[in-house]
Amino acid sequence: MQHYFYALADFIQSRLVANELFTVWLSGEQSDFVRFNHAKVRQAGNVKQAYLTLQLVQGQKHISQTITLSNSTDIDNDTLATVLKELRGALADVQDDPHLLLSETVVNTDYSPASRLPDSASMVADITRMAANTDLVGILASGDVFCGFANSFGQRNWHQTSSWNFDWSLYLREDKAVKRGGAGFEWSAATLQSSLAEAQSQLALLARSAKTIAPGQYRAYLTPTALVELIGMLNWGGVSEKSLRNKQSALEKLANGEQRFSPLFNLSNNVGAGLAPAFQSAGFIKPEQVELIRAGQLIGSLISPRTAKEYNLTSNAEDGEGAESFDMGAGVLPIANALKALDTGLYISNLWYLNYSDRAMCRVTGMTRFACFWVEQGEIVAPLNVMRFDDSLYRLLGSQLEALTQEREFLTNAGTYGGRSTDSQRIPGALLAGINLVL
Amino acid sequence: MHDVIRQRFKALNPQAPFCSLRFVETQSEALSVRKNVQQPLLRQLDRGVMISVVKDGGFGYAATSDLSVEGLQQALRQAEHWAQASGACSVLNYSQVSFPVATGRHVGPAAGQPLQWDRRGLLDVLMQESSACQQDARIVDWSVHVRRLDSSQLYLTSDGSDLEQHFRYLIPSLTVTAFANGEAQTRSLGGQYNGFCQQGGSEILAVAGLEGAGVRVADEALQLLAAPNCPSGIRDLLLMPEQMMLQIHESIGHPLELDRILGDERNYAGTSFVTPDMFGHYQYGSPLLNVSYDPSRQHEFASFGWDDDGSTAEKTLLIKDGILLRPLGGHISQTRAALPGVANSRACNWNRAPIDRMANLNIEPGTSSLEDMIANVESGVLMDTNSSWSIDDSRNKFQFGCEWGRLIENGKLTHVVKNPGYRGISATFWRSLKAVGNEASLKVMGTPFCGKGEPNQVIRVGHAAPACLFASIDVFGGEN
């Protein structure tokens with residue numbers, strides 16, 4: 001696909017007329033998707049897609065069009081020739097864009113290690129065999145994910161990986177379940193076997209009578225898979241330079257000094273340690289790491305090329321100005337001591353369906369989900385029925401943050417909206433003096 | 001293009017007992033102006049096919065944008081491979097499913113007509129509304145958008161189905177943020193998730209009230225800046241259609257999706273508090289509650305002739321006089337659950353397989369005028385336009401926030417309140433429905449952004465609803 005993409009870029013270049021420039025971005029995959037319910041297959045199939053976005057530029061005017069590629073040179077060249085003609089015509093309708101910023105420094109990159117994946121059907125056979133007699137539900141995604149960039153300055157970038165992501169839950173009854181997931185470049189049936197066994201041991205705890213608690217303040221330990229949901233809210237414009245400049249960021253009070261997080265809280269966008277490509281869709285090379293929060297204070301933001309041009313800054317992020325690889329600093333609490341340090345309170349494995357309830361105060365609401373437990377004197381006593389929390393991140397990650405764990409989990413994003421995500425996060429667990437439950 | 005696809009499908013000559021091909025082509029263009037600056041113009045031409053096969057008891061699919069004979073043959077082989085590989089371990093013996101057979105053509109409002117897309121004129125309208133937003137220095141961010149999509153779909157099966165459908169969608173939106181004293185307030189035209197999206201041509205801009213919206217929406221954002229927080233406590237709650245669409249969507253639509261009830265979504269979107277034994281007798285809401293699946297309503301965003309399994313789409317009451325009658329389940333889910341359903345097996349595009357989606361889910365209008373509902377409230381809050389939503393994985397405990405609130409005191413609307421929100425539990429909330437607005441209070445809303453499924457899908461849904469009044473709801477505002 002890489003050579004095909006570069007040939008298309010060369011074709012586009014050959015069809016330009018005077019004073020025209022182009023950028024082109026390719027995003028695609030060839031993936032097997034297999035859904036499971038009750039440890040059996042619900043839907044199985046393959047998706048082969050390649051979306052190419054061509055941006056035609058004349059001076060400060062530009063228009064972009066995305067097309068699906070057929071992988072036939074004649075057809076795709078014909079389509080691109082037609083698109084170029086249409087874009088050329090439409091350019092007359094648009095104004096100069098004062099915020100257009102093109103990457104003019106040529107940096108070529110190529111990352112395409114060989115696939116080490118087995119046939120997906122054999123992975124499905126492993127899963128259905130090992131999970132037989134359980135109530136497993138989830139999805140296996142496996143195959144190639146690729147993206148590429150080219151422009152009329154001669155820059156060429158390619159990033160292709162062959163990976164799997166198996167996101168699954170093991171159910172006991174109704175909403176009582178253990179959530180797990182894994183991803184990698186090599187498949188290990190033995191690892192899956194041990195993960196299933198570990199999940200089943202936690203499932204045994206869920207067999208105890210569930211406890212319903214009243215709304216109020218509770219001590220809580222959030223596992224990394226729960227804390228990542230809170231941190232993920234900062235990607236709703238929180239650390240976006242555009243949102244900060246336009247007073248839409250939930251971290252406005254952090255930015256203006258009215259509020260601060262705990263000195264224990266450090267956060268960066270660590271693309272260098274993640275799975276995302278090293279180049280943006282506009283061709284800029286991403287910095288390895290962008291520090292965002294240091295010792296509880298906002299010290300950085302994510303800046304798209306348009307925002308960079310608008311405010312005379314240096315771009316360090318994609319257009320959406322979201323972190324692709326949140327990396328939260330570790331603490332000193334060993335995970336093995338988390339229950340003891342919690343003493344009595346909530347052990348929260350997963351949070352779910354978060355949203356801002358008062359953006360100015362960075363107040364977030366959401367639900368507990370999957371394996372959450374009531375803990376007394378450092379021992380798990382009972383599974384919890386689901387509860388709604390509504391609390392400010394300035395409290396949860398500020399005055400109420402007692403400790404972070406010294407171990408962190410590397411969590412891959414199983415999201416597949418439009419295509420398979422390459423986002424990831426490295427997150428510790430968190431011990432909270434209090435979280436506010438409301439329903 | 002459709003005839004070429006027909007010929008190539010016929011030439012495939014699949015050997016499987018059942019094979020279908022679904023071709024989807026979408027052309028779109030998005031125009032936007034932010035802070036009086038034209039934003040990058042974005043166009044899309046997206047086309048591809050999904051071939052599905054039932055063989056040896058299994059179901060397999062393959063999606064590709066390679067529409068050549070060879071590309072379709074390769075997709076067929078992959079679909080057959082997955083059908084055979086999963087046949088022995090499927091949740092259902094798909095060979096026992098008798099898929100619908102139908103032929104026909106559906107053309108939605110304005111679809112198939114010549115494109116009236118006056119790009120310069122539209123950009124002028126957007127710029128005019130953008131300029132109108134900038135009323136004073138407290139308006140810190142604002143944007144105006146309009147997007148059109150022309151979509152056509154062809155569904156063919158080896159046993160003779162041939163369904164052709166054409167749609168045109170228009171999606172206008174406008175959003176304004178005002179800021180003062182460390183706090184921002186955002187107000188929008190129909191919500192920040194394109195609530196005024198509809199099927200049709202440029203007339204949809206007038207239906208949405210885009211022209212003139214800049215002044216009005218910016219003024220409301222400024223009013224919110226000056227308003228006190230919504231008070232907390234138990235009060236009557238009057239929800240306007242711009243919020244009702246979200247209330248229906250989250251606490252009726254998703255819990256009634258049969259694939260959730262069957263457990264397919266438990267790893268991601270969640271399960272449902274509704275169980276199969278409830279249909280036919282469960283008191284979902286007060287006797288005033290009548291809920292329909294209605295794919296036949298002109299202009300509503302998710303109207304269509306047939307779903308993506310070839311089932312004929314017809315208006316069906318799901319809840320009648322408060323009693324739960326049937327789920328939102330397509331043909332395969334109906335077979336699995338042995339329950340009646342509706343034609344709602346839908347995929348968001350050619351590269352995703354159909355699952356149970358809610359399509360158009362509407363509240364039938366009642367008899368109360370908006371004025372009468374307000375007059376009958378001693379202490380309440382009117383809430384309008386969703387800004388925040390969260391609900392548990394069984395679709396029970398919810399908390400929703402709105403952009404705009406007004407107190408109702410002694411039968412009269414009084415002052416504006418900011419950050420209005422409310423909490424409830426689906427299983428009891430709808431039983432507190434004490435009045436349903438009449439046709440005059442009804443608006444046809446929708447959103448292009450309903451997320452669900454593994455792999456994930458974002459799909460178009462429509463929700464028409466009148467204003468509705470609920471008794472004794474837990475309401476709250478922001479922190480002071």
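Leaving aside its neighbours within four places in sequence, with which residues is B:F398 in contact? In this predicted model, the contacts of B:F398 beyond those neighbours are B:E250, B:S251, B:S390, B:I391, B:R423, B:G424 and B:S426. The residue belongs to strand β18 of chain B, which covers residues 397-409. B:F398 counts as buried because 24 C-beta neighbours lie inside 10 Å, where 20 or more are required. One of its contacts, B:R423, stands 25 residues away along the chain, with 5.7 Å between the two C-alpha atoms.

**A sheet in chain B**

Chain B holds an open sheet of four strands, ordered β13-β12-β11-β16 and paired in the antiparallel sense. The edges are formed by β13 (323-324) and β16 (361-363) of chain B; each has a single partner strand, so one side of each is left without a neighbour in the sheet. Two antiparallel bridges link strand β12 (residues 316-320) of chain B with β13(B), and B:I319 has B:L324 of β13(B) as its bridge partner. Helix α6 of chain B, residues 241-256, packs on this sheet and touches β11 (291-293), β12 and β16 of chain B. The directions of α6 and β16(B) make an angle of about 120 degrees.

**Chain A as a whole**

Chain A contains 10 helices and 18 strands. Its radius of gyration is 24 Å, which agrees with the value near 22 Å that a compact globule of 439 residues would have. The C-alpha trace of chain A extends over about 75 × 55 × 35 Å along its principal axes. Of the 439 residues in this chain, 54% count as buried. Among contacts in chain A between residues at least 6 apart in sequence, 70% join residues at least 24 apart.

**Strand β13 of chain A**

Is strand β13 of chain A largely enclosed or largely open? Of the 14 residues in this strand (residues 345-358), 11 are buried, so β13(A) is largely enclosed by the rest of the structure. In general, strands of a sheet pair through backbone hydrogen bonds, either parallel or antiparallel. Strand β8 (residues 216-222) of chain A runs parallel to β13(A), whereas strand β14 (residues 363-376) of chain A pairs with β13(A) in the antiparallel sense. A:L222 has A:I348 in β13(A) as its bridge partner, and A:Y347 stands opposite A:F373 in β14(A). The strands β13(A) and β14(A) make a hairpin with four residues between them. In the turn, A:C362 has a positive phi of about 55 degrees.

| Strand pair | Direction | Bridges |
|---|---|---|
| β8(A) and β13(A) | parallel | three bridges |
| β13(A) and β14(A) | antiparallel | 10 bridges |
| β12(B) and β13(B) | antiparallel | two bridges |
| β2(A) and β4(B) | parallel | five bridges |

**The contact between the chains**

In the contact between the chains, 66 residues of chain B meet 75 residues of chain A. On the side of chain B that touches chain A, the largest share, eight residues, comes from strand β3 (residues 41-55) of chain B. That side of chain B comprises 24 nonpolar, 26 polar and 16 charged residues. Strand pairing also crosses from one chain to the other: strand β2 (residues 40-58) of chain A runs parallel to strand β4 (residues 58-64) of chain B, and five bridges join them. Here A:N46 is placed opposite B:A62 in β4(B).

Notes: Residues are numbered from 1 along each chain as its sequence is written. Chains are lettered from A and ligands numbered from 1 in the order in which they are written. This is a predicted model: local features need pLDDT of at least 70, side-chain atom pairs count only at pLDDT 80 or more; totals for chains, interfaces and linings use all residues. Two residues are in contact if their C-beta atoms, placed from the backbone, lie within 7 Å. Ala, Val, Leu, Ile, Met, Phe, Trp, Tyr, Cys and Pro count as nonpolar, Asp, Glu, Lys and Arg as charged, and the others, Gly among them, as polar. Two strands pair if DSSP finds at least two bridges between them. Axes are lines fitted to C-alpha atoms, for helices over the stretch in contact, and angles run from 0 to 180 degrees between N-to-C directions. The radius of gyration is taken over C-alpha atoms; the globule rule is 2.2 Å times the number of residues to the power 0.38. A residue is buried if 20 or more other C-beta atoms lie within 10 Å of its own, exposed if 12 or fewer, and partly exposed in between; C-beta atoms are placed from the backbone.
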